[in-house]
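Please keep the sequence and the model in view while going through the numbered points.

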Amino acid sequence: MLKRTLFVALFLVSACVTVNIYFPAAAVERAADQIVKETWGGPGESEKTAPQPQSRYFDLPAAIANLSFIGAAHAQEADINVSNPAIRALKDSIKRRSEALKPYMDLGNLGIAQDGLLVIRNNDGLSLKQRAEIKQLIDAENRDREALYLEIAKANNIPNENIPRIKSIFAKSWIEQARSGWWIQDSQGSWRKK
Amino acid sequence: MTDPARAAARIVGLILVAIALLYIALHFAFRSETFRSWTETELSERSGLNVKLGTLNLHFPFRVVADNVGISKPRGFSFTTDRLSLTLNPLDLAGMTFHRLRTERPILQVDIQQLGGSGSDTAPIALRHLNVHDGTVVLNRGEEKLFELPKIDLQAENINLGRQAGVTLRADVPALNGTAELIVKGHSRELESTVLIRAKKTQGLFGGDVHKGSSSELVRLDARFRASEKQAAEANISGKFHDLGINERKLTGTLAARINLDEDFHNADFSGHATLADFPGALTSAFSKLPNGTLQASFAGIFSLPQKTLTLKSMRLASHLGSGSGDGEVLFDPQPSISRARFAWQEMPLENLKLLLPTPLNRWTYEGHARIDGETSGPWNALAVRGIARSENGQFRGAEVKAASLKVDLPFEWGPTVLRIAGAQFEAGKLDYHGKNRWQAAVERLQANASFALQTDQPLRIDGRFQTNGGKFNSPESDKVGENLSLDGSFVWTSRPVTSSYGFDIQVGVDAGEILWGKFFSDLKAPKPTFALDADYFGSDDRLECRRCAVSLVDVGTVTASGAIAKLTQTPELRLQARSTRFLPGGFFEHFLRDNLKRRFPILDEIAIGGELSFETVLRGSSDDLSAGGELSLKAGELRSRSKQWQVGPVALKLPFEVRWAETKRDSIGPAPTGTLTIERARFGKQSLGPIGASISLSNNALRFHQSIRAALFGGEILVGALFWPDVITDPKRLSFSLEAKRLDLDELTAALQWPTFSGTLTGSIPEVQSSSDRLKTNGQIQAELFGGNMAMNEFEIENPFSPLAAIRLDADFQNIRLEQLSKTFAFGHISGTVAGTIDDLVIVDGQPAQFSVELHSVDRGGEQRISVEALDKITVLSSGQNAGALYGGLAGFFDSFRYSKLGFKAHLKNDRLTLRGVETRGEQEYLVVGSFLPPTVNIVSHTQAIGFSELMRRLERIKSSKPQVK
């Protein structure tokens, strides 16, 4: 009796699993790479298809098998959600604007700063009208990028204090997927051509 | 008294009486005609001259006075005088010396042909003092008068007449504050003379000289005159002058000249050389700032005795300020004057001339030279000079400014009292300005012309025009830039030293150019702004008084201002009246706002603005506390979409206003004055409304509508009340109002919104809507009667209402919705029955639902509830993505519809994932439709709980386009 009680108690204790949800960095990275590719990259993947409707079921043996006697467990990182009307609208806006910005990136007038936002490097060869245009373009682009990070955080219940991390991950993607010849800023603040 | 003394006294008395009697006798004798005639004869015989005396008198003690005296020698000379007074000193008579000879209005005519002749012997008479008053000397040649020198006043001393005698003449020269001494030695064929002019000694109280020693020599001229028989005479002159004061200037220099007289003594050729020290400051104070040096001059010309004319054939000048040349003619009758003279001065270093310019021009560095060509004429003490000063290839450079090329043409007229410049032309190329505040400006070319007159005690006024090409400017951060600017303008600038003020009247037009101001770009070719500034600046208190300052833009209008700005160069304080009688907001929008803001606010690219504004306002205060009050009027105002889908207008506005830009608001004083807003008409699609009117006020930054705005719309009425902006200046996004809708017809409303039309009415009341920068919140409820039931909407909010990502939030619940109407409206087959439910946390972003939680369930009213096969199929497609297909196909052949006991669902959408649950859950099964007990009956069970949003859209599209699969 005592043994059974102890076994049950032990089972119950070990079944109290604490699942810690850390910042889903890997998922944000995947999402960032995909979004950057869709908006600024080459022919990107089509929008992720929605999961096919499936009946819901609960695999009890698998669940029991996955139980660990260690008190804490880490939830496996699923993909984060990057699809809702706000995020779609922002992606569309960024994608539409990218065609207007790319020529200035090719000319070297614009560059990608280390925080992933666009900056004006110089006005060489630009008329005043073009200077006004790129100022408006990068203001709008940076505004959309910041809003995108905020919407991703909201959609995935990521606390606001983690938005800088999202921004940092996206910065890495923007820079990695920049075209050869574009100017990028490294972590020391120096500019170089990719 | 002793006898001898008495006797001596008696003898002296007798002698004195005898002398007295003798003097009396002489006095009467002199006055007698006999004595006069005898005297004439004696003098004539002894001198060999003809002597005539009008009257003769003896004045006490020893002065002989003769009136109307004439002394002449045929073909020699003649001397006449109104009065000749000869004072004798008995002690000098033995030496043939007269004490004083005074003559009034004497005229001496000399035949120069007889000068130097062998002549008769002359008596060795000497004069201690000679006084001539208003005398005239005439040189003749036979019967021909060669030269006349009138108005001679002379005091001379110690004059010796005779063949080898010398002459020393002394005279005061008041004009030079000195005394002149003429020493002539030699005989008539060879004379040496020296002219000395010395500064006058200051006399002491008792007549002695204050300054001991000899007074300074101002002028010393040594001349040697030689006249051989039957040959032309010649003279050599050399001299120097030191601090010779002429017209308040002091001249120092040398002179060497040679004069050749022709045989007829008509003309004298001269040539020579002169130097002048301290040139040009010695000549005129106007050039006192220039560096001084020595001027070398060489000259040649002719002097004509009969015409008293000096013709300067050539003159060459050389100095450190360049070199010059000239020629001209000087007349000496009645006074010295230049009848004509031409001069040219070249190679004048601009670097030296800069000292004549005002600050800061005189601190710049100049390269290049100037040239002056001109002519002069007029009396010697009032010359008029006309000419033109030119510089072709100048350059200048200062601490902040430089020009690669400078060309100047400066026509001038310089008179005794005025220096006049008319039509001066300036052209500067590649003019650059780099300010200490790091603003930069440049022009490719600047052309200007100017005219002014510089007069003593008169304010300086400069009129001119200017034109620039290729202008540009750059702010320190390069966020304010102008390029390709072409300006054209005029200016009048007046300097008033008495009041320490400057006046200017400037008109500038911009013919072309581009401006980038932050993010705002404007091509100025179309609006062609012009600026006018008619103002005075008072330097003593740093105040600008603006009489008329205006800005005009083509297709926009003109804004004028007048008033004062204090502390102009520090923290400006305004006290201005500004007004415009015709300001076109549409033009302003097109030129400056649309293209600059349409990326941020895409709707701006779709609208057009019309109307005509006028306003009058008073601006007071400084940049951190500025108030404006006045009245604003708008007529024929219009706001419409460019596609003409909607239009608001004509709009009329009359609005007294009082606004302030300051850290803190001022408390309101008294009721705010009100104006009126009238919208004649507004059209949205096929809906028209109007007229709409309201009284409004704008006071202390608060904009308030004092009346509700009532509009008949969609068959009902919308009432907007208590529309209020607490601070429309600093926080224009914050406003509040109440909204009431009365029985809006949903047929019209849904048609206008291009939704599937359905009938019903919309009524609601939102007592308060409050808007801030990122949110518009309401409290209240809107009721809609639709589909036979009613829906109540609450908690209506809009997040980021002015952003492209505005999010609409609301909750709603609905009751008694008739499924027949609903299913028919949305072409969902045919379903009978009634449903009720709730929509919670509905969020619509970019026109799409972003999230919601919906619960819908049928309500049993006791009647039969049926659902058609078509509806069943569509529900199946919606929940599973597939048609019912063969299952219905078999049964549908028998039935058109099926009974059901209840239907409904719960749906939750978030992040594009829709979770669908049934109206009833049995075990693992979610029932969307629960069949009735009585057949034919059907159950629809959903095995799909999670649907992606895109998949959901696909299914909805499929439902819309599908035809009924079964009969």
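**Notes on the model**

1. Over all chains, a search of the whole structure finds 18 aromatic pairs. Please bear in mind that the model is predicted.

2. Where in the chain do A:Trp40 and A:Trp174 lie? A:Trp40 belongs to the loop between helix H2 (25-39) and helix H3 (60-66) of chain A, while A:Trp174 is in helix H6 (residues 163-176) of chain A. The two residues are 134 residues apart, and the pair thus links distant parts of the chain.

3. Charged side chains should be considered next. The whole structure contains 67 salt bridges over all chains. Among them is the one between A:Glu99 and A:Lys102, with a distance of 3.3 Å from N to O. Both A:Glu99 and A:Lys102 are located in helix H4 of chain A, where 3 residues, about one turn of the helix, separate them.

4. The contact between the two chains deserves a separate point. On the side of chain A, 27 residues are in contact with 35 residues of chain B. Together, chain A and chain B bury about 2700 Å² between them, and carbon and sulfur atoms account for 52% of that area.

5. Which polar and charged links cross this interface? The rule finds 3 salt bridges between chain A and chain B. In one of the salt bridges, B:Arg599 is joined to A:Glu133, and their closest N and O atoms are 3.0 Å apart. There are also 11 residue pairs in polar contact between chain A and chain B, with both residues at pLDDT 80 or more.

6. Which elements of chain A give two or more residues to the side that touches chain B? They are helix H4 (85-107) and helix H5 (128-155) of chain A. H5(A) provides the largest share of that side, namely 12 residues. Sorted by class, the side of chain A that touches chain B has 11 nonpolar, 7 polar and 9 charged residues.

7. The length of H5(A) can be checked by a simple calculation. H5(A) has 28 residues, and at 1.5 Å a residue it should therefore span 40 Å. The end C-alpha atoms of H5(A) are 40 Å apart, which agrees with this expectation. After H5(A) comes A:Asn157, whose phi is positive, near 55°.

Note on methods
Residues numbered from 1 in each chain as written. Chains lettered and ligands numbered in written order. Predicted model: local features only at pLDDT ≥ 70, side-chain atom pairs only at ≥ 80, totals over all residues. Heavy atoms only, no water. Contact = heavy atoms within 4.5 Å. Buried area = accessible area lost by both parts, 1.4 Å probe. Salt bridge = Lys/Arg side-chain N within 4 Å of Asp/Glu carboxyl O. Polar contact = N/O pair within 3.5 Å; in protein donor to acceptor, adjacent residues only side chain to side chain. Helix = DSSP H or I, 4+ residues; strand = E, 2+ residues; numbered from the N terminus. Nonpolar A, V, L, I, M, F, W, Y, C, P; charged D, E, K, R; others polar. Expected span 1.5 Å × (residues − 1). Phe/Tyr/Trp six-rings, centres within 6.5 Å; stacked < 30°, edge-to-face > 60°.
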